[in-house]
Amino acid sequence: MANFNLRKAEPKDVPDILRLIKELAKYEEMEDQVILTEKDLLEDGFGDHPFYHCVVADVAAEHQKVEGYSVIGFAMYYFTYDPWIGKLLYLEDFYVMREYRGFGIGSEILKTLSDTAMKNRCSSMHFIVAESNKASIDFYKRRGAFDLSLQEGWRLFRIDKENLQKMSAEE
Amino acid sequence: MDFTIRAATLEDCKDISRMILELAEYEKVSDQIKITQRDLEQDGFSKNPFFHGIIAEVPEHLKSRDGHTKVGYSLYFYTYSSWKGRAVYMEDLYVMPEFRGKSIGKALMAKVSQLGLAAGCTQLNFTVLDWNKSSLDFYRKQGCWDVTSDLGYHCMRCEGDALEHLAQGDL
């Protein structure tokens, strides 16, 4: 199956983006963690100062394997900054529906993103992967990615809203 | 101790650059710095900044041994979680050694939290090196949790030749 199209996401894609976000979260066994709504995605991605950018993969009607869906893959990314090396592209989500894997769609998405990174003078592309996700880790390592957590000892930390509020109230 | 926390300006880039180098030396990686003061000015203070900064400043009579009144900083930017929406990422947090133990670090982090919450963020993320025990303890006391340990998320990077090959579609 050769016919798929990669393009910049548009506001009309928001319902499909949310559907795919939930499918990916389900694959990571975290489906109940998704609280984002279509309204959030629309406001945050397509306003004056977008918090994220998105590319989607769609297939023509005659190639649809799954009834009703033409958008079958996506990647969500944004630009970050490392004060040592400058701009970076951060890959937040990257997913192709199971029925459409093995056709090079994922590779093509990654190629587009890397191209975007180079064009925007980013020194590198960052992302996180769950250590249990061996298939994805192998996919990325085959393409030259390395594990900063293992090799350099970086640990990702987080503060959630309740503690953020406590912290911001301290004098 | 008497100090103020305020938004960084273009004029602060000289001191931010100095302190970035000090932080890199503390993390034992100062040879990795490619960013100049000029890059910081362009990337942080143009129309579409890639990061924001806040500075901790002391009055003249409390200046450092080397004569500096800007004694701490934090660099942060906005990111996006496909599960929870808007988030803030704290890229750097640093207080000069002679000014530690006076809650300046806590105040800088409180400011980033306030700004993040005001922008509609529900989480603050950052990375810490696994050997940096004093920082790990400080963050845990603020209510942070280790996403790498708890969820098994590893930070990955694709850069240099690997990124270029990826952009060209090489495998």
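How many residue pairs are in polar contact between chain A and chain B? The count is 28, with both residues at pLDDT 80 or more; a polar contact is a pair of N or O atoms within 3.5 Å, one able to donate a hydrogen and the other to accept it, and residues adjacent in sequence count only if both atoms are side-chain atoms.

This is a predicted model, in which local features need pLDDT of at least 70, side-chain atom pairs count only at pLDDT 80 or more, and totals for chains, interfaces and linings use all residues. Residues are numbered from 1 along each chain as written, chains are lettered from A in the order written, and side-chain values use heavy atoms, without hydrogens and water.

**View 1. The interface of chain A and chain B.** In contact (heavy atoms within 4.5 Å) are 68 residues of chain A and 72 of chain B. The area buried between the chains is about 7200 Å², meaning accessible area (1.4 Å probe) lost on being put together, summed over both. Carbon and sulfur atoms give 62% of this area. A:Y81, A:W84 and A:F157 supply 14% of the area that chain A buries against chain B, more than any other three residues.

**View 2. The salt bridge of A:D44 and B:R86.** Their side chains meet at 2.7 Å, N to O. Two salt bridges are counted between chain A and chain B (side-chain nitrogen of Lys or Arg within 4 Å of a carboxyl oxygen of Asp or Glu).

**View 3. The surroundings of A:D44.** A:D44 is buried, at 5% relative accessible area (buried: under 20%, 1.4 Å probe, protein chains only). A:D44 touches B:Y80 and A:F51, among others.

Note on methods
Buried means under 20% relative accessible area, exposed over 50%, partly exposed in between (1.4 Å probe, protein chains only). Buried area is the accessible area (1.4 Å probe) that two parts lose on being put together, summed over both. Lists of a residue's contacts leave out its neighbours within four places in sequence.
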